[in-house]
Amino acid sequence: SVAAPALTQRAAPTVADNARCVVEHLPQDAYGRMLETAKTDLIRALDMGRFNDAALTAAYDACAIPDELSTPVAGYAVGAIVQATAESWFLANKQLDAARLDAAWQALATSDRRMLADAARDRRDLSTRVILLFVADLGLTDEVSRDQTLSSAVMAYAAGRALRDAYGDLA
């Protein structure tokens, strides 16, 4: 006898899946300009990442984000946008790619990442001690105190990753 194929139920999209959909449905020309601008002017690029309400509403509608997920999806999407902006700057200015940044982030203790995630979600200051561990892993300890743009890039990356951790990756 032949067994009937098992019926599989598709899992509901995760917060991260929904956030990726939102980012993909933002005006891509504006998103691309933001990432390009980040290579030479990080602060201006971060300001460009504040998409207008109409663009955000259209992206949410296109992705059919359920109301109960709107806050975590928004937090994760903002985190992903800020992280991508910082990654663009790091690659252009410090030759550190996304994989290297991710490795340094993953090297942090889970408890430290959770502390940063909680702070980002609650809009509190991120722990300097943990940020300095991240900076040391990247080999930038000597530079970060005298390079304001580098310091801003580190904080942007950390804030973006912490938001992703808060609303999905460590949740």
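## Terms and basis of the model

Contact here means heavy atoms within 4.5 Å. The structure is a predicted model, in which local features need pLDDT of at least 70 and side-chain atom pairs count only at pLDDT 80 or more, while totals for chains, interfaces and linings use all residues. Residues are numbered from 1 along each chain as its sequence is written, and side-chain values use heavy atoms, with hydrogens and water left out.

Met 155 is in contact with Leu 126 and Ile 131, when residues up to four places away in sequence are not counted. Met 155 belongs to helix H10, residues 148-169; helices are DSSP runs of H or I with at least four residues, numbered from the N terminus. Its relative accessibility of 34% makes Met 155 partly exposed, a class between buried (under 20% relative accessible area) and exposed (over 50%), computed with a 1.4 Å probe on protein chains only. From C-alpha to C-alpha, Met 155 is 21 Å from Val 73, and the two are 82 residues apart in sequence.

Ser 127 is placed in the loop between helix H7 (110-121) and helix H8 (128-138). With a relative accessible area of 18%, Ser 127 is buried. Apart from neighbours within four places in sequence, Ser 127 touches Met 115 and Leu 116.

## Packing of H1 and H4

The axes of helix H1 (residues 15-24) and helix H4 (residues 53-63) come within 8 Å and cross at roughly 130°. Axes are lines fitted to C-alpha atoms, for helices over the stretch in contact, and angles run from 0 to 180 degrees between N-to-C directions. H1 and H4 are therefore oblique to each other, since angles under 35 degrees count as roughly parallel, over 145 as roughly antiparallel, 65 to 115 as roughly perpendicular and the rest as oblique.

Asn 18, Cys 21 and Val 22 of H1 meet Ala 59, Tyr 60 and Cys 63 of H4 in this contact. By class, the contact of H1 with H4 has 5 nonpolar, 1 polar and no charged residues. Nonpolar covers Ala, Val, Leu, Ile, Met, Phe, Trp, Tyr, Cys and Pro; charged covers Asp, Glu, Lys and Arg; the others, Gly among them, are polar.

## The disulfide

The structure holds 1 disulfide, a term used for a pair of cysteine sulfur atoms within 2.5 Å. Cys 21 and Cys 63 form this link, with their sulfur atoms 2.0 Å apart. The pair joins distant parts of the chain, 42 residues apart, with Cys 21 in helix H1 and Cys 63 in helix H4.

The link of Cys 21 and Cys 63 is left-handed, with -95° about the S-S bond. Both Cys 21 and Cys 63 are buried.

Terms used
Helix = DSSP H or I, 4+ residues; strand = E, 2+ residues; numbered from the N terminus.
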